[in-house]
Amino acid sequence: MGVSNNITAFLNFIAFLASIPIIAAGIWLAQNPDNECIRNFRWPLVILGILILLVSLAGFVGAYWNKQGLLALYLVSMALLIALLLILLIFAFVVTRPDGTYHVPGTAYDESRLDGFSSWLRNHITTSGSWAKIRSCLAESDVCIKLAQQYITADQFFSSHLSPLQSGCCKPPTVCGYSYVNPITWQNPANPTADPDCYMWSNDQNQLCYNCNACKAGLLGNVRKEWRKANIILIVAVVVLICVYVIACSAFKNAQTEHLFNRYKQGWV
């Protein structure tokens, strides 16, 4: 195996390693309670990471055993996958840029406004058809039940760092003025006309605020927060893959030149 092929094989091993955090980020996103209820958001990143892993392995095999056709296929496929990853990364940045969260005075947690998030997220997640399934999924989860197990007193609850999903779905909006009983039981709203969500609140554990706009906003807040974290991993992975790909292209050209030169020499022997 020539020097150029050695370099290409090593670079594909690096690309193989770079695919692992992409898959890990996708699995982490898919296992979060909110993404478990949003079917379309669960697996695209995992699938893309697996494809990069498989293409990297194909490139490694092609370089190690000097399969020029397999190497050419690797270069074309990896270019397409890097382009898809870049598109996904840019798209995720654009749709998660608007932030609808705001701080609630006297508490450690934030609340969210639905109109503060991108229209794409609102249209694809919180429309009536989509929300009916998401709402049922959230009601069956333990997202809110855990709060009742973790916090007992009002001081403990108001000093807790709730996730946007918990803040929006598991309690009524603060502006309604409900009195705290426990994290998922609230009574006697002092200002029930302050927000339409005030009338949506129910102490029934299957209802809570799952029909509220605040819950929809909380879900979007969770999605935004998690994808922003995943984007950091994706940026590093994209930079590594692009660098590997550029060097691999150069090594492939050198291997082709070396192959032609060897054939030329053999012709004169």
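Helices α3 and α4 are roughly antiparallel to each other, because the angle between them is about 155° and angles over 145 degrees count as roughly antiparallel. This is a predicted model, where local features need pLDDT of at least 70, side-chain atom pairs count only at pLDDT 80 or more, and totals for chains, interfaces and linings use all residues. Residues are numbered from 1 along each chain as its sequence is written, and side-chain values use heavy atoms, without hydrogens or water.

α3 covers residues 44–64 and α4 covers residues 68–95; helices here are DSSP runs of H or I, at least four residues. Their axes, lines fitted to C-alpha atoms over the stretch in contact, are 9 Å apart. On the α3 side, the contact (heavy atoms within 4.5 Å) includes Leu48, Ile52, Val55 and Gly59. Among the α4 partners are Leu71, Tyr74, Met78 and Leu85.

Next, the surface. Ile27, Trp43, Ile47, Ile50, Leu51, Leu54 and Leu57 make a nonpolar patch of about 600 Å². Such patches join nonpolar side chains within 5 Å, from residues with over 30% relative accessible area and no salt bridge; areas are Shrake-Rupley with a 1.4 Å probe. α3 gives the most, five residues, and Ile47 is found in this helix. Leu51 is in the patch and also in the contact with α4.

Last, salt bridges, meaning a Lys or Arg side-chain nitrogen within 4 Å of an Asp or Glu carboxyl oxygen. The count is three. One joins Asp99 and Arg224, with closest N and O atoms 3.8 Å apart. Asp99 lies in the loop between α4 and β1, and Arg224 in helix α11, so the pair ties together parts 125 residues apart in sequence.

Technical notes. Patches are made of residues with over 30% relative accessible area and no salt bridge: like charges are joined within 9 Å, nonpolar side chains (Val, Leu, Ile, Met, Phe, Trp, Tyr) within 5 Å. Helices (H or I, at least four residues) and strands (E, at least two) are DSSP runs, numbered from the N terminus. Axes are lines fitted to C-alpha atoms, for helices over the stretch in contact, and angles run from 0 to 180 degrees between N-to-C directions. Angles under 35 degrees count as roughly parallel, over 145 as roughly antiparallel, 65 to 115 as roughly perpendicular and the rest as oblique.
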